[in-house]
Amino acid sequence: RFLESGEIQKLGARTKGAGDDRKVDVRVVMASNEDLASLVDQGKMRDDFFQRVANPTVVIPPLRERKGDIPLLVETFIAKACERFGKPGLSFSQELMKEMMGMQWSGNVRELQRFVETTVLLSEEFPAITRWPKKPLPGSQRQRMGSALTYDTILNKIVGEGYQECR
C-alpha cells in the first residue's frame, strides 16, 4: 500500500482514516542481482509488486564488463586505505594496474575494494606498489593466483607494526 499511496500507518492503528495515516515523501531504491521480470514469469514474485517497483530500471553491468572503471575505483580505494592505515602517498604501478584490469572480479566492486585495502595494509613498498605483497589476495583472486591469506597473516602484520612502534 505504501508504494502506491505514499502513506504509512502507525503500528497498532486500528482503522484507516482514524488520523493515524501519515503521508510521506520518500524515494525507494531497490537493488537485485536477479532478473525481476523472470522471477514474475516463474511465479516467484507477484506481478503487481513488480509493476510498482520496476520503473525506472537501471542495469549496471558487473565490474568484469567495465574494466575502464577499475583505475578510477582503485584510485579512490587506495586514497581511503592510505588514510585508514596511515600510509599516505601510495599508488599502484602501471604493471600492477594492468594485472588488476585482467582479473575477473567475481565479487565486483566490494572484492576490488578489499583487494586494494589488503594490498595497502600488507605492502612495504613506497611510494608506488610494484608487486603484490607476500599474501594479499582475497576470495576468488586467491584461488586463481595460488596465494593464501589468513586472518593470522593480517593480525601478525598489524600487531607486528604496532609492537615495533611501541618499542
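1. Salt bridges. The count comes to six salt bridges, where a salt bridge is a side-chain nitrogen of Lys or Arg within 4 Å of a carboxyl oxygen of Asp or Glu. This is a predicted model, in which local features need pLDDT of at least 70 and side-chain atom pairs count only at pLDDT 80 or more, whereas totals for chains, interfaces and linings use all residues. Residues are numbered from 1 along each chain as its sequence is written, and side-chain values use heavy atoms, with hydrogens and water left out.

2. One of the salt bridges joins the side chains of D25 and R27, at 2.9 Å from N to O, and D25 and R27 are both exposed (exposed means over 50% relative accessible area, buried under 20%, and partly exposed in between, with a 1.4 Å probe and protein chains only). Another joins D48 to R46, with an N to O distance of 2.5 Å; here D48 is partly exposed at a relative accessible area of 31%, while R46 is exposed at 59%. Side chains of opposite charge can pair when their charged atoms come close.

3. The pair within α6. R114 forms a salt bridge with E117, and the closest N and O atoms are 3.1 Å apart. Both residues lie in helix α6 (residues 108-122), three residues apart, which is about one turn of the helix. An α-helix has 3.6 residues a turn, so residues three or four places apart point the same way. How do the two partners compare in accessibility, R114 at 43% and E117 at 14%? R114 counts as partly exposed, whereas E117 counts as buried.

4. Fold and surface. The protein has eight helices and four strands, taken as DSSP runs numbered from the N terminus (H or I with at least four residues for helices, E with at least two for strands). Along the sequence, the pattern reads α-β-β-α-α-α-β-α-α-β-α-α. Of the 167 residues in the protein, 28% are buried. Among contacts with a separation of 6 or more, 54% are between residues 24 or more positions apart, a contact being heavy atoms within 4.5 Å. The protein exposes about 12,000 Å², of which carbon and sulfur atoms supply 52%; these areas come from the Shrake-Rupley method with a 1.4 Å probe, and for residues only the protein chains shown count as cover.

5. Geometry of α6. The 15 residues of α6 should span 21 Å at 1.5 Å a residue, and the end C-alpha atoms are 22 Å apart, which agrees; the expected span is 1.5 Å times one less than the number of residues. The buried residues of α6 include L112, F115, V116 and L121, together with E111 and E117.

6. E117 and its surroundings. Setting aside neighbours within four places in sequence, E117 is in contact with A81, R84 and F85. The C-alpha atoms of E117 and I78 are separated by 6.9 Å, although the two residues are 39 residues apart along the chain.

7. The largest pocket. Its volume is about 1,200 Å³, and 31 residues line it, of which M30, A31, S32, P56 and V58 lie nearest its centre. The elements that give two or more residues to this lining are α1 (2-5), α2 (36-41) and α3 (47-53), with the largest share, three residues, coming from α3. On a 1 Å grid over the protein atoms alone, a pocket is an open set of points where a 1.4 Å probe fits, with protein on both sides within 12 Å along at least five of seven lines, and lining residues have an atom within 4 Å of a point. Grid points are joined across faces, edges and corners, and the volume is the space filled by probe spheres set on the points.

8. Two loop residues. W105, in the loop between α5 (94-101) and α6, has a phi near 55°, a positive value in a residue other than glycine. Is W105 buried or exposed? W105 is buried, with a relative accessible area of 0%. E124, found in the loop between α6 and β4 (128-129), is by contrast exposed at 71% relative accessibility. E124 and K87 are 37 residues apart in sequence and 9.8 Å apart in space, C-alpha to C-alpha.
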